[in-house]
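Take a look at it first, and then read on.

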Amino acid sequence: MPTTERIETGIPGFDKLIEGGLVKGSTNLLAGNAGTGKTIFCMEYLWNGLQKGENGVYITLEQRPDEILSDVARFGWDFSKYITAGKFVLESLVASDLTAVTTRIVESVKKIGAKRFALDSLTIASMGWRERPEEAFKIRSKAFDMLNTLKSLGVTSLIISEVSRGEKGEISKFGFEEFVVDSVVLLNYMTVGGASRNVQILKMRRTDHGKKIYPFDITDKGVVVKSLTI
Ligand SMILES: Nc1ncnc2c1ncn2[C@@H]1O[C@H](COP(=O)(O)OP(=O)(O)O)[C@@H](O)[C@H]1O
Ligand SMILES: [Mg+2]
């Protein structure tokens, strides 16, 4: 049986929880509340790719690019030289239409031959349906198209979902993304009884992943998952 090709996230302590890395070409939902470390996690994944010669694209609908770049410079990640060299694209888009966002993703990924991609966030990209419930179906179908397009590009993706696990156990806005994606990774930030962060892998296709709740820190090197037995 051929072994599944993996893309190391390079995030200390994380790859060993997922058989060495994300499945090459997979779409991975990274869910969590605001402030749980999703943006840092994605930038770390992309930074580590650049160190291995793998080009990356980060599309944000949340923050200004200069703001993100200066935030992560704290961790010693200077993306500017990779942007200049055409190896990294950090693009800020207005979440007007999911189909337009998908088109931009395809253009940027193809332009630099990106191997790694992150979208921040699918939640913002899909905003509007709560206000216009009659459009929920349309937006779902566009989100579904976007995820399938990423698959066909062969890029290994992190898709941020700006929500935590809800009352019914759902971890995405529409409750369907988690079935369409190959994996769901949930970041938590607990403030009861002292602040602590943890990560859980709720699902990962083709992977015998760690099933526990793993504490992590955001250090001066970015996200570091604490060393525990799997
Ligand atoms: N240099 C740092 N050292 C320690 N923690 C940090 C540092 N920079 C940011 N953080 C923590 O990371 C959080 C922001 O992470 P971020 O990835 O932007 O979250 P999200 O994208 O999930 O909203 C901050 O609220 C803070 O708690
Ligand atoms: Mg963020």
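Before we start on the pairings: two strands count as paired if DSSP finds at least two bridges between them. One more thing to keep in mind is that this is a predicted model.

## Strand 3 and its neighbours

Let's begin with strand 3, which covers residues 27–31. In strand 8, Leu30 has Val185 as its bridge partner. Strand 8 takes in residues 183–190, runs parallel to strand 3 and is joined to it by four bridges.

Strand 7 (residues 156–161) is also parallel to strand 3, and here the bridges number five.

How well hidden is strand 3? Five of its five residues are buried, so the rest of the structure largely encloses it. Both faces are covered: one side has Thr27, Leu29 and Ala31, the other has Asn28 and Leu30, and all of them are buried.

## Helix 1

Next up is helix 1, which has 14 residues, 38–51.

After helix 1 comes Gly53, with a positive phi near 80 degrees.

## Two loop residues with positive phi

Now for a couple of backbone angles. Glu19 isn't a glycine, yet its phi is positive, near 60 degrees. You'll find Glu19 in the loop between strand 1 (6–7) and strand 2 (22–23). Its relative accessibility is 44%, so Glu19 counts as partly exposed.

Arg206 is another non-glycine residue with a positive phi, about 60 degrees. Look for Arg206 in the loop that links strand 9 (196–204) and strand 10 (213–219). Is Arg206 buried or exposed? The cut-off for exposed is over 50% relative accessible area, and Arg206 is at 61%, so it counts as exposed.

## A cis peptide bond

Last stop: which two residues does a cis peptide bond join? They are Asp120 and Ser121, and omega there is about 0 degrees. Ser121 sits in the loop between strand 6 (116–120) and helix 5 (122–125).

Key. Residues numbered from 1 in each chain as written. Chains lettered and ligands numbered in written order. Predicted model: local features only at pLDDT ≥ 70, side-chain atom pairs only at ≥ 80, totals over all residues. Heavy atoms only, no water. Buried < 20%, exposed > 50% of the residue type's maximum accessible area, 1.4 Å probe, protein only. Expected span 1.5 Å × (residues − 1).
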